[in-house]
Amino acid sequence: MEKMSEKEQQEVLLNYRIAYLADTMVNWCPALGTVLANDEVKDGVSLRGGHPVEQKVMRQWSLRVSAYAERLLKGLDNIDWTESLKEIQKNWIGRSEGAEMVFPVKDSDVEMKIFTTRADTVFGVTFMVLAPESELVDKIVKPDKKAEVDQYIKDARKRTERERMSEVKKMTGVFTGAYAINPLNNEEVPVWVSDYVLAGYGTGAIMAVPAHDSRDFAFARTFDLPIVQVVVPRGEEPGDIDKWDDARDSKEGYMINSGFLNGLNVPEAIEKTNEYIREKGLGEVKVNYRLRDAIFSRQRYWGEPFPVYYKDGMPYTLDESELPLELPEVDKYLPTDKGEPPLGRAKNWKTKEGYPLELNTMPGFAGSSAYYLRYMDPHNDQMLVSPEANRYWQDVDLYIGGTEHATGHLIYSRFWNKFLYDLGVVCKPEPFRKLVNQGMIQGRSNFVYRIKGTNTFVSYNLKNDYDVTPLHVDVNIVNNDILDIDAFKKWNPEYKDAEFILEEGDKYVCGWAVEKMSKSMFNVVNPDDIIEQYGADTLRLYEMFLGPLEQSKPWDTNGIDGVHKFLRKTWRLFSDRDDNILVTDEEPSKAELKVLHRTISKVTDDIERFSFNTCVSAFMICVNELSDLKCHKRAILEPLLVLLSPFAPHMTEELWHLSGHNDSIVDATWPLAEEKYLKDDTVIYPVSFNGKMRFKLEMPAQADNAEIEKAALEHEGAAKWIEGKTIRKVIIVPGKIINIVVS
RNA sequence: GCCCGGAUGGUGGAAUUGGUAGACACGCAGGACUUAAAAUCCUGUGGCCAUCGCGGCCGUGCGGGUUCAAGUCCCGCUCCGGGUACCA
């Protein structure tokens, strides 16, 4: 066999590299000399400047994420992430099982390869569609149609992918003049070009089954193409297609108009078709993924430069001894006159041997995909992470972050980690063992109501008696929906002489709404103000007390006094009003120990569940009870302080010192709940009749079921519920409830 | 359209495995202390009925069901929030 040239070798190898150069479609703006992201383009022009934008093929670095699609999907089963996040990733990866089938083109040696998940409906194919970008278009188009087809493709190129997707209802397309042959029934069907078929998914070509796919249906109706029903839903008769206004669902039913498949139900038909095409060599069963390779080039200055140079047009990596490659100096952070990225301006941007270096830089996710590994061994200048450091730290125990990274960073990190795992650099196949999504804090806006044409404002509950305009008012001059009228007059000169119609209690009550937090709605709350007023511990505690971590909710300071009062109350267990330390070394009572150990147990448990709001209420209960007991004992208060320290670090540190410690509370040992203090001698049973609680019954903890039943039935409160009835059953759940069934 | 969440008092929320619905707070009402205010403390607070200090009925978005027992499980809806979308 003849030896390949070096260039040929490299070309072949590029098809197998994890990072590879490939021609990809981008939004190119010639006027700006740059590639634009989808959200920088609107209506075919650049958002900035309004210059025309076109679809252009550019040679870009890509990362072969698709090679890991199956493992990225499977790996989700083994990590403790939220279901919603896993779901988003599953959909993004978009695994679909189907068949890849070949349709020969009539009077030509071209074959159209299509992917379908519904091979069973192949008898319902009445036309074929190619994506405008498909290279097959040129090969099959008939001479008399060429001009028309070329024009269509040119127009389609001007529209960005996002625009194409947003115009779902408007079908456009053009006939190529060519016909494909259905390999199952040898029927000839016309081949069209339309941008509703995407080049990037499957093979960029589809078999259209208008009777059972709503996009194909819309296309057939637009261009008057035939429609053939092949699936009839169970319990229905074949329909009159002319009367349909959309495609028929075909998930369940039996086959008609389908040759050897007639009468079979859908799953049987899929199986039989797959078998048939495999046997006849018409195609193969295949799995397709929606996940696309990630484009890894950016035409801007700020980004990691690629350690890559070009020889004979082929990319080669720099030798490790040449690393790190640092960004060169440039005169301007702008593209060159030739349209090259900013690195094209750098002088001597080439290797020692004189080969030119790559001009693109890496995107943001180059840095964000593996930083957690670097954290394990930050000073290592020989490798990303040493095997020892990696074995020690392994993976990220807990990741708290928003869902907005689901299809970007969190996929890329998993992909990088898997690649590094394959290379033996890391010891864990997944980077983030557990992931929790925190909720968003929204803004709560306040409104005042101005009577139209006046400078008079009417309070919320009286506003319906007037014709009013609601106006946003700065939430910082509103307290618990009550307007600070003086502050309001000063807020805006316009309102200096404003008048007010107040309601009961001489208050001006504001209306409210939950909206995006934004300056224009005057609902931005600066945490500095709250820290100024209440302290950082109160803010921290209040954020936790607000509700479950994962829940989004409006920022609303209505309850902040509650947690602030709690902290003051805690302080008073340690110190009186005159700053005298009250802490004593007395032996704690049984009751005090019970309060403490219950709190230790509850808080320790709740932290494990990320249920911080219930931790705070457990602390409140504890402090309320200790206050009632007038407990100032060190043996109780110090463990409590340690428990509270992650929640209110500043105050607990201070109290820790005030009560005589010189070290920091962060080094204190976490207290352990002792079982013996948690147990009660008696159990208070709720006694229910037919499931409704009627009275309570206190019983010794070790009482057996017979004793409990006897005591319950003899209780003075039981008689009126038993009287004249028959006791059917007595259910006793030890330590929990008693339910007496009567009828 | 599809997928995923959620809905509990005036408000935020609690109820972890089907076992006392409304913990803990906010707010509100009343009271104590005070010349007054702040701070603090006490009492009450889901709705309806009541011979309002006995007690009863209803009640976790709606309609059914399973169960001795349902906020929790099942079936069918409504509304709200989020994600995603010509994916063949």
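## Aromatic pairs

Two rings of Phe, Tyr or Trp, the last taken by its six-membered ring, pair if their centres lie within 6.5 Å. By that rule, this predicted model holds 39 aromatic pairs.

One of them joins tryptophan 192 to phenylalanine 219. Their centres are 5.5 Å apart. The planes stand at 90°. With planes over 60 degrees apart counting as edge-to-face, the pair takes that label. Tryptophan 192 belongs to strand 10 (residues 188-193), and phenylalanine 219 to helix 7 (residues 214-223). The two are 27 residues apart, so the pair links distant parts of the chain. Both tryptophan 192 and phenylalanine 219 are buried.

Tyrosine 372 and phenylalanine 432 make another edge-to-face pair. Tyrosine 372 is buried, as is phenylalanine 432.

## A ring cluster

Which residues do ring pairs link into a cluster? They are Phe127, Phe175, Tyr179, Trp192, Tyr196, Phe219 and Phe223. Trp192 and Phe219, the edge-to-face pair described above, are among its members.

## Charges over rings

Two arginines place a charged end over a tryptophan ring. For arginine 414, the ring is that of tryptophan 81, and the distance to its centre is 5.8 Å. For arginine 694, the ring belongs to tryptophan 721, at 3.8 Å from the centre.

## Serine 688

Where is serine 688 placed? It sits in strand 28 (residues 682-689). Is serine 688 buried or exposed? Its relative accessibility is 9%. Buried means under 20%, so serine 688 counts as buried.

Leaving aside residues up to four places away in sequence, serine 688 touches Met693, Arg694, Ile738, Asn739 and Ile740. One of these contacts, Arg694, is the arginine whose charged end sits over the ring of tryptophan 721.

## Confidence

Chain A has a mean pLDDT of 87. In that chain, 95% of residues reach 70 or more. Confidence is highest in helix 11 (residues 387-393), at a mean of 97. It is lowest in helix 6 (residues 161-166), at 53. Where pLDDT is low, the predicted coordinates should not be read in detail.

The model scores ipTM 0.93. Its pTM is 0.77.

How values were computed:
Residues numbered from 1 in each chain as written. Chains lettered and ligands numbered in written order. Predicted model: local features only at pLDDT ≥ 70, side-chain atom pairs only at ≥ 80, totals over all residues. Heavy atoms only, no water. Phe/Tyr/Trp six-rings, centres within 6.5 Å; stacked < 30°, edge-to-face > 60°. Helix = DSSP H or I, 4+ residues; strand = E, 2+ residues; numbered from the N terminus. Buried < 20%, exposed > 50% of the residue type's maximum accessible area, 1.4 Å probe, protein only. Lys NZ or Arg CZ within 6 Å of the ring centre and 35° of its normal. pLDDT = per-residue confidence, 0-100. Contact = heavy atoms within 4.5 Å.
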